[in-house]
Amino acid sequence: MNLFAYAFMQNAFMASTFIAITTGIVGVFVVARNMSFLAHTLSEVGFAGAAFAVFAGIRPLDGMLLFTAISSISVGRMSVQASRREASISAVSSLFIGLGILFLSLSSANASYATTILFGSIIGISRADVWQLVALAAGVLITLYFGYRRLAFDSFDPVGSAAQGLKSKYISIYFLLILAVSVSIGAQIVGSLLVFILLTLPPNVAKYLGRTLPQMIVISVITALIGVWSGLYLGFLTNWPVTFFIAAIEFLFYFLALWYHHRTN
């Protein structure tokens, strides 16, 4: 059975490849900067943005980009202090989930459309959507290429970074915007509710298996790619949700990496 004989599968594999590469790389810095909580919060923000887009009659991805970009910096600054992080996450998540439900109720969208926003629908992605995702992913990767050294230094050695005079505040803002875009494009395959899967599980696998930053990036990207490609293939064969397979595969990788880490340490 030739999967690529179908245009929708061609679109799905092209989009998921760029999404996996982007989230795999960005996720390494998310874990290094202890921002997994923020990736989860931005997923709820993305849901509200997509719901607003449905209400306003624009593309869901555009709404996600708008909401996550605006919210990432403010949410990130609110939760810098660990003492108020939990309260900030709860407050922001509750607000945006409520807004998402409100926008969906005010629009003419049905329950199935809400499910698509929450859990993704990579199979139904169009070629125009693919090119938009590719352009956004390429933009993220290009900016990471030029900002790689400073971001890596600030993420893995914040004390040394400050001692060298690097502007951590601006690096943080730069990364928060990158994370916002990554959440928005990652939600296209696993949905706004589960986008943190691709931003946290592959890089955590890499954390246990990799010894250097380049190794961690390669392992994270490979883990993400195997997850999304296998998920698409199994979803095509069984007609089960692609997101389920991606989540199960990434969890399996994480469990095996954790087991290996405990066995060797």
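**View 1. Asn 239 in the loop between H10 and H11.** At 71% relative accessibility, Asn 239 counts as exposed (exposed means over 50% relative accessible area, buried under 20%, and partly exposed in between, with a 1.4 Å probe and protein chains only). The loop that holds Asn 239 runs between H10 and helix H11 (242–264). Helices (H or I, at least four residues) and strands (E, at least two) are DSSP runs, numbered from the N terminus. The phi angle of Asn 239 is near 65°, a positive value in a residue other than glycine. Most residues other than glycine have a negative phi.

This is a predicted model, in which local features need pLDDT of at least 70 and side-chain atom pairs count only at pLDDT 80 or more, while totals for chains, interfaces and linings use all residues. Residues are numbered from 1 along each chain as its sequence is written, and side-chain values use heavy atoms, with hydrogens and water left out.

**View 2. Asn 34 in the loop between H1 and H2.** Asn 34 lies in the loop that links H1 to helix H2 (36–56). Is Asn 34 buried or exposed? Its relative accessibility is 55%, so Asn 34 counts as exposed. Phi of Asn 34 is near 55°, again a positive value in a residue other than glycine.

**View 3. The whole chain.** The protein has 11 helices and zero strands. Along the sequence the pattern reads α-α-α-α-α-α-α-α-α-α-α. Of its 265 residues, 48% count as buried. Among contacts (heavy atoms within 4.5 Å) with a separation of 6 or more, 77% join residues 24 or more positions apart.

**View 4. The crossing of H1 and H9.** Two packed helices are described by the angle between their axes and the distance between the axes. The axes of helix H1 (residues 7–32) and helix H9 (residues 196–209) come within 7 Å and cross at roughly 65°. Axes are lines fitted to C-alpha atoms, for helices over the stretch in contact, and angles run from 0 to 180 degrees between N-to-C directions. H1 and H9 are therefore roughly perpendicular to each other (65 to 115 degrees; under 35 is roughly parallel, over 145 roughly antiparallel, and the rest oblique). Residues of H1 that meet H9 include Ile 19, Thr 23 and Val 31. On the H9 side, Leu 198, Thr 200 and Lys 207 are among those in the contact. The residues of the contact of H1 with H9 divide into eight nonpolar, five polar and one charged. Here Ala, Val, Leu, Ile, Met, Phe, Trp, Tyr, Cys and Pro count as nonpolar, Asp, Glu, Lys and Arg as charged, and the others, Gly among them, as polar.

**View 5. Thr 200 in H9.** Thr 200 has its place in helix H9. At 10% relative accessibility, Thr 200 counts as buried. Leaving aside neighbours within four places in sequence, Thr 200 is in contact with Val 31 and Ser 36.

**View 6. Leu 225 in H10.** Leu 225 lies in helix H10 (residues 213–238). Leu 225 is buried, with a relative accessible area of 13%. Which residues does Leu 225 touch, not counting residues up to four places away in sequence? They are Thr 17, Ala 20 and Ile 21. Leu 225 and Thr 17 are 208 residues apart along the chain, yet their C-alpha atoms are separated by 6.4 Å.
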